[in-house]
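This report describes a protein model, section by section. It starts with the confidence of the prediction and then turns to the fold, the cores and selected residues.

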Amino acid sequence: MKKIIIFIASIMLLISMQPKAVAATDSNLRIYSLIVDRFMNANEDNNKHIHNEKDVNLPFGGDFNGIISKMDYIKKMGFNTLHVSPVFEKNQKDYLGYDIKNYVSVDEVYGGEKQFKKMIKLAHDKNMKVIVDIPTTVTDGFTATPDTKMNTFQKKYFKDKKIIDLNNPDNQKKYKEAVTQFVEKFGIDGVSMYAMQDGIDAKAVFPDHIETIAILNEDINVSGFSHVQKLETTKALANAFKTTDQDIPDKYESNELLSSDNFFMPRFTNYAAKENMFPGTRIKQMMSYLMIQKMPISMTYGTEIAMNGDKAPDIHQLLDFRVEKEVIEYLEVISGVYKKYDEMFEGKSDVIYNNKGNQLIYFDTKKVDFVYNVNNTSKATNVKLDSKKIPKDQMLSGLLIGDRVHYKDNKFSLITNREEAELYAVVKNQGFNNGYLIAAGTIVVLFTAFIIGATRNRKKYLASQHNNTK
């Protein structure tokens with residue numbers, strides 16, 4: 001029944017949507033970040049070097065064909081950008097892809113250049129961008145930095161591997177030439193880097209005409225990057241949504257990329273599990289919040305199925321596409337709504353209320369204004385807005401749950417249940433156009449099904465936790 005409701009709601013949303021075919025801009029990147037070897041193995045022919053023998057520290061055989069076969073899966077969840085782990089020829093016992101042999105050859109185990117180009121073309125045909133993570137591992141011709149700043153995961157993984165000194169002019173020149181040739185040859189849209197050295201300047205090591213992303217550890221400063229994922233912010237978001245009644249950040253730097261984890265840190269699910277919270281609800285709350293932000297955001301593969309782990313290789317499990325699809329379906333719905341009303345990302349936005357997990361964001365646009373209300377608390381909340389913010393002759397029309405709020409007793413009362421999020425459109429009191437009403441109405445039915453499913457899953461989860469403690 002739930003799948004039927006999802007299907008009907010998706011059709012209704014598509015009917016009421018204006019067709020769009022616009023590729024992601026740098027401000028609305030919705031990134032799905034995946035490890036090639038651990039996403040999907042769709043081609044057994046390129047597995048001749050795979051000798052896993054059930055050792056989870058060795059490659060599983062994921063490849064570009066696997067990504068190609070699941071491109072629609074990724075896009076339907078609302079992601080417009082693929083972020084893939086390193087693709088260069090590497091040590092064949094290395095599943096992550098950072099123990100590379102050179103910065104030229106694409107690994108044949110992944111499918112080689114032909115399949116890599118096919119993957120990029122398909123992404124571009126679907127108006128999606130491709131960003132590749134570029135290692136900083138020393139290969140022939142580079143010299144190493146004497147001062148790396150690695151976290152615990154990176155130290156265990158890299159061990160005695162040397163990292164390029166990217167503050168050295170000769171290394172900068174050679175590295176930039178290699179990356180530029182790679183970008184131009186394959187036509188990718190951007191590159192990323194796990195910065196493990198202080199002071200790296202993107203302008204000195206990457207070409208200028210592409211997206212550049214730095215993923216930082218503590219006590220590292222970089223410059224010149226299009227976007228930066230700061231560890232401090234990443235942890236703050238993970239801690240804000242791991243349970244209820246936590247402070248949600250209300251300000252970010254203009255060039256930040258928001259996420260709740262990355263390849264070299266515990267899974268977001270692990271944060272929630274340690275709080276004995278149902279991961280599905282936690283992930284839905286977090287992703288609803290991230291997807292509404294007017295800046296780039298990223299989700300690590302497997303978050304949609306509550307992949308867990310606090311150390312490698314547990315944090316890099318093979319993706320199981322046969323599990324409960326509650327979060328996947330939720331992402332499909334909210335991304336459809338956000339895309340339909342994407343004018344809210346074109347104007348100004350301000351946090352107008354923020355109190356221990358309950359946050360309101362006001363979107364001021366030239367067409368229709370919006371209010372996003374995330375109640376990540378342990379109880380129902382009632383936030384009151386006066387006519388200084390919203391004129392008396394307006395009303396708030398809910399687009400996710402379907403709530404309608406009218407001006408009454410000199411205020412607008414925004415009431416939301418615990419662990420719930422709603423997006424309101426600010427419209428004339430006499431009503432809304434049919435397209436908005438249809439979308440809101442179908443979402444009401446859909447979210448009712450979600451609530452029922454979430455309740456059942458929560459009971460199962462708590463029961464399993466109880467059994468495990470016996």
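The protein averages a pLDDT of 89, and 85% of the residues score at least 70; pLDDT is the predictor's confidence in each residue, from 0 to 100. Over residues 1-23, pLDDT stays under 50. For that stretch the model has 31 contacts beyond four places in sequence, a contact being heavy atoms within 4.5 Å.

The model is predicted: local features need pLDDT of at least 70, side-chain atom pairs count only at pLDDT 80 or more, and totals for chains, interfaces and linings use all residues. Residues are numbered from 1 along each chain as its sequence is written, and side-chain values use heavy atoms, with hydrogens and water left out.

## Overall composition

The secondary structure comes to 13 helices and 15 strands. These elements are DSSP runs numbered from the N terminus, with helices (H or I) of at least four residues and strands (E) of at least two. Of the 470 residues of the protein, 57% count as buried. Buried means under 20% relative accessible area, exposed over 50%, and partly exposed in between, with a 1.4 Å probe and protein chains only.

Among contacts between residues at least 6 apart in sequence, 70% join residues at least 24 apart.

## Nonpolar cores

A nonpolar core is a set of buried Ala, Val, Leu, Ile, Met, Phe, Trp, Tyr and Cys residues joined through side-chain atoms within 4.5 Å. The largest one has 119 residues, of which Tyr32, Phe116 and Tyr175 touch the most other members. Helix H12 (residues 326-340) supplies the largest share of this core, 7 residues. A second, separate core of 12 residues includes Leu360, Leu385, Phe412 and Val426. In soluble globular proteins, nonpolar side chains tend to be buried together.

Not counting residues up to four places away in sequence, Phe116 touches Phe64, Val87, Val106, Val132, Phe182, Phe186 and Ile188.

The axes of helix H5 (residues 112-125) and helix H7 (residues 169-186) come within 10 Å and cross at roughly 70 degrees. That makes H5 roughly perpendicular to H7, a term that covers angles of 65 to 115 degrees. Axes are lines fitted to C-alpha atoms, for helices over the stretch in contact, and angles run from 0 to 180 degrees between N-to-C directions. From H5, Glu113, Phe116, Lys117 and Ile120 meet Phe182, Lys185 and Phe186 of H7. By class, this contact has 4 nonpolar, no polar and 3 charged residues. Here Ala, Val, Leu, Ile, Met, Phe, Trp, Tyr, Cys and Pro count as nonpolar, Asp, Glu, Lys and Arg as charged, and the others, Gly among them, as polar.

In helix H9 (residues 231-241), the residues Leu231, Thr233, Thr234, Leu237, Ala238, Ala240 and Phe241 are buried. Their cover includes strand S5 (211-216), strand S6 (227-229), helix H10 (268-274), helix H11 (279-291) and strand S10 (369-375).

## Buried strand residues

Leucine 414 is in strand S14 (residues 412-416) and is buried, with a relative accessible area of 0%. Leaving aside neighbours within four places in sequence, its contacts include Leu360, Val371, Leu385, Leu396, Val405 and Tyr424. Aspartate 403 is 11 residues from leucine 414 in sequence and 8.9 Å away in space, C-alpha to C-alpha.

Isoleucine 297, in strand S7, is buried at 0% relative accessible area. Beyond four places in sequence, isoleucine 297 is in contact with Leu29, Arg30, Ile31, Leu257, Leu258, Met287, Leu290 and Met291. Alanine 195 lies in strand S4 (residues 190-195) and is buried, with a relative accessible area of 1%. Alanine 195 and alanine 214 are 19 residues apart in sequence and 6.2 Å apart in space, C-alpha to C-alpha.

## Backbone features in loops

The peptide bond from alanine 312 to proline 313 is cis, with omega near 0 degrees. Proline 313 lies in the loop between strand S7 (297-300) and H12. Alanine 306 lies in the loop between S7 and H12 and has a positive phi of about 60 degrees although it is not a glycine. At 25% relative accessibility, alanine 306 counts as partly exposed.

Asparagine 410 is in the loop between strand S13 (404-405) and S14. Its phi is near 65 degrees, a positive value in a residue other than glycine. At 59% relative accessibility, asparagine 410 counts as exposed.

Key
Angles under 35 degrees count as roughly parallel, over 145 as roughly antiparallel, 65 to 115 as roughly perpendicular and the rest as oblique.
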